[in-house]
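Have the viewer open and follow along.

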Amino acid sequence: MWALLSRDLRLAMRAGGGFGLGLAFFLLVAVLVPLGVGPEGGVLGRIAPGILWVGALLACLLSLDRIFALDFEDGSLDLLATSPMPMEGVVAVKALAHWLVTGLPLTLAAPVLGVLLNLPVAGYGWLVLSLLLGTPALSVIGSFGAALVVGVKRGGLLLSLLVLPLYVPTLIFGAEVVKRGAAGMEVSVPLLLLAGITLGAAALLPFAAAAAIRVNLR
């Protein structure tokens, strides 16, 4: 598993591997929204939680089609399917690699971008915590969607249509955590729901994704 994780991380660091693409997109969202909405601090502060979470969600979506597509094209996925490692483990490792390359950098960069959107000071800690809890769910759900479209030519649009509805609960509860935290309100309920989504996705979706890959490889 460590060898597979190391391989995926090295591929992501190379040109065209998707590393930095999500961060660049996230930065563009944070820069363009104030230009479109206006410089009023009060308005930006109110919409900042939702905008930051939407930006993180779309940034994670950009590199989902690379999770299995490259391995399918060069035949590596067939070798992984016949290796001693269970396919569920392969899916989990690839989801982890996607999170380390995309979700974790977005989480670390979010407070800096929060400054551009005039996020209230009380919301910074909750922003990082919500992204830390929620972005793994985005990677796992995205891995499931990528498994469904393995072998489909130009399946990026189809992947987006499949995954975006599944992302909605994570988006709602993640933004709600930041919104309530910035306002000094109780955040335990949306925070627990967000954690529950991540744990549920991590427990169930690798098995569903592995089954989809086996079907597509037949």
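## The nonpolar core

In this predicted model, the largest nonpolar core takes in 55 residues. Inside that core, F68 and Y167 are the residues with the most contacts. As general background, nonpolar side chains in soluble globular proteins tend to be buried together.

Which residues does Y167 touch, leaving aside its neighbours within four places in sequence? The list is L57, L61, L64, L138, I141 and G142. Three of these partners, L138, I141 and G142, sit in helix α7, which covers residues 124-148.

Helix α7 has 25 residues, and the distance from its first C-alpha to its last is 36 Å. That is close to the 36 Å expected at 1.5 Å a residue.

## Helix α1, inside and out

Helix α1 runs over residues 2-13, twelve in total, and should span 16 Å at 1.5 Å a residue. Its end C-alpha atoms are 17 Å apart, so the two values agree.

Which residues of α1 are buried? They are L4, L5, D8 and A12. Looking down the axis of α1, you find its buried residues within an arc of 100°, so they line one face of the helix. The cover over these buried residues includes α5 (76-81) and α6 (87-116). On the other side of α1, W2, A3 and M13 are exposed.

## The loop residue N118

Between α6 and α7 there is a loop, and N118 is located in it. What stands out in the backbone here is phi: for N118 the angle is near 60°, a positive value in a residue other than glycine. For context, most residues other than glycine have a negative phi.

Is N118 buried, exposed or partly exposed? Its relative accessibility is 38%, which lies between the 20% and 50% cut-offs, so N118 counts as partly exposed.

## The whole chain

Zooming out, the protein has nine helices and zero strands. Its C-alpha atoms fill a box of roughly 55 × 35 × 30 Å along the principal axes.

A compact globule of 218 residues would have a radius of gyration near 17 Å, and the protein comes in at 18 Å, so the two agree. Buried residues make up 45% of the 218. Of the contacts with a separation of 6 or more, 79% are between residues 24 or more positions apart.

Conventions
Residues are numbered from 1 along each chain as its sequence is written. This is a predicted model: local features need pLDDT of at least 70, side-chain atom pairs count only at pLDDT 80 or more; totals for chains, interfaces and linings use all residues. Side-chain values use heavy atoms; hydrogens and water are left out. A nonpolar core is a set of buried Ala, Val, Leu, Ile, Met, Phe, Trp, Tyr and Cys residues joined through side-chain atoms within 4.5 Å. Buried means under 20% relative accessible area, exposed over 50%, partly exposed in between (1.4 Å probe, protein chains only). Contact means heavy atoms within 4.5 Å. Helices (H or I, at least four residues) and strands (E, at least two) are DSSP runs, numbered from the N terminus. The expected span of a helix is 1.5 Å times one less than its number of residues. The arc is that of the directions from the helix axis to the C-beta atoms. The radius of gyration is taken over C-alpha atoms; the globule rule is 2.2 Å times the number of residues to the power 0.38.
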